[in-house]
Amino acid sequence: MNSAKIILDGKEYELPVTVGSEEEIGIDITKLRSQSGAITLDNGYANTGSCISQITFIDGEKGILRYRGYPIEELAAKSRFTEVSYLLVFGQLPSKKELENFKHDLTHHSLIHEDMKKFFEGFPPSAHPMTVLSSMVNSLSAYYPESEYEKDQYLNIIRLLAKLKTIAAFSYKKSIGQAYVYPHNDLSYCADILNMMFSVQSALYEVSKVLEDALDLLLILHADHEQNCSTSTVRMVGSSEANLFASIAAGINALSGPLHGGANQKVIQMLQMIKNDGSNYKKYVDLAKDKDSKFKLMGFGHRVYKNFDPRAKILKASADRVLNELGISHDPLLEIAKNLEEVALKDEFFIEKKLYPNVDFYSGIIYHAMGIPTSMFTVMFALGRLPGWIAQWVEMREYSGAKIYRPRQIYVGETERAYVPIDKR
Ligand code: SDX
């Protein structure tokens, strides 16, 4: 198949078709307007491809997710977040030497400029850590002005991957009024995050392997997800040739929304609300079905997955294991989540609208069990998604046909009219 035909006002237009490596079909409308004067309309870009990409493949009907061709189930079981970050950004699994060098560079760029600590002081303690995170990432471009794109690119990628966890941990410490704990060169990526968040000067902190492994798995599962809202934002901002830090800061802001990455925080708040309401989860399933209630089951539904979200399946299985390993025999929030899932999956409303648990439904339960505060859940999502954002930004910048994102519109406002002087209105 290499073309599609559109008949408009009796005239036929032939448009080229692009077929992807997984047989996905894209009708290329690049020349549609110049040929026919018409554009397409697609609310929320639900049916519009913004690019061709070699990074992540999702099949929403079959519940498939692969990073650079590797199934998420295999990476979750056999890989580590630093290796997955390398895979996403550079396109191949690293050799032992390549991984060693990558980890060395991440370790030795994890400090932030001491002057940046002053920015934290400017925020009120109540500032949401996502607000702090995006502001601090944006300010990195003041410290590392992107002079020569090619020369600095690797360094800026390393700086961002290495410093985001330090910024995240510092914003947490600031929010609880504790002194910052600096990155520790002997710790792994995830152990270092936990150490910077939970250790205090007055007491030795032993990073638990269970927590380190649980966090590593969570970051892998969040690492990329093709053209979601925040990744599209990173591409959009980067398409004007804005620098990497400014583009990622914009992505962090998009992720903070409750319909996107902010949902993981909303899920745990919803489960706690249900627990406080006598764990009456059926009442909330019914509420979600009543359009006038405006209530949504947070952590349910997805634009692409119209079957199970493979990440939610993996997280559901690991939630039991992590809670057991943490000695939590009974977590009422996990019970409520499982009951909600069971009832919803049998309910006609959810079946008809193809609403299944997504990645945010179980992730919050594990973060909660790990002692990570709810306000930091979406920051954890951002830490996981960072290598994906970077990989997508680099792919967009290096694509030979790269163009600035500039969608069109269909105007439905007032037609031309004359200005009326104020004394005549
Ligand atoms: C993420 O894109 C990605 O890949 C995102 C992500 C990633 O890794 O980057 O996977 C991460 O953002 C996951 C989604 C987290 N958000 C939530 O859990 C919030 C709750 N979910 C919904 O808001 C919603 O399902 C979205 C935003 C996720 C998807 O929205 P869509 O694709 O625009 O679908 P929609 O809102 O048009 O819903 C279709 C119908 C609607 O009813 P009708 O207008 O057809 O009558 O289903 C209903 C919706 O009202 N619906 C829900 C619902 N989600 C959708 N009803 C009740 N509860 C819900 N959770």
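Tutor: Here is the ligand site, step by step. This is a predicted model: local features need pLDDT of at least 70, side-chain atom pairs count only at pLDDT 80 or more, and totals for chains, interfaces and linings use all residues. Residues are numbered from 1 along each chain as its sequence is written, and side-chain values use heavy atoms, with hydrogens and water left out.

Start with the shell. There are 22 residues around the ligand, each with a heavy atom within 4 Å of it. His225, His302, Arg303, Arg311 and Arg385 come nearest. By class, the shell has 8 nonpolar, 7 polar and 7 charged residues. Here Ala, Val, Leu, Ile, Met, Phe, Trp, Tyr, Cys and Pro count as nonpolar, Asp, Glu, Lys and Arg as charged, and the others, Gly among them, as polar.

Now place the ligand. Domain 2 (72–259) and domain 3 (263–370) both give residues to the shell, so the ligand lies between them. Those bounds come from an automatic or database domain assignment.

Next, look at single atom pairs. A nitrogen atom of the ligand lies 2.8 Å from a backbone N or O atom of Phe300. Two side chains also take part. An N or O atom in the side chain of Asn358 is 3.0 Å from an oxygen atom of the ligand. For Lys296, a side-chain N or O atom is 3.4 Å from a ligand oxygen atom. On its own, the ligand has 1000 Å² of accessible area, and the protein covers 77% of that. Such areas come from the Shrake-Rupley method with a 1.4 Å probe.

How values were computed. A polar contact is a pair of N or O atoms within 3.5 Å; within protein, one must be able to donate a hydrogen and the other to accept it, and residues adjacent in sequence count only if both atoms are side-chain atoms.
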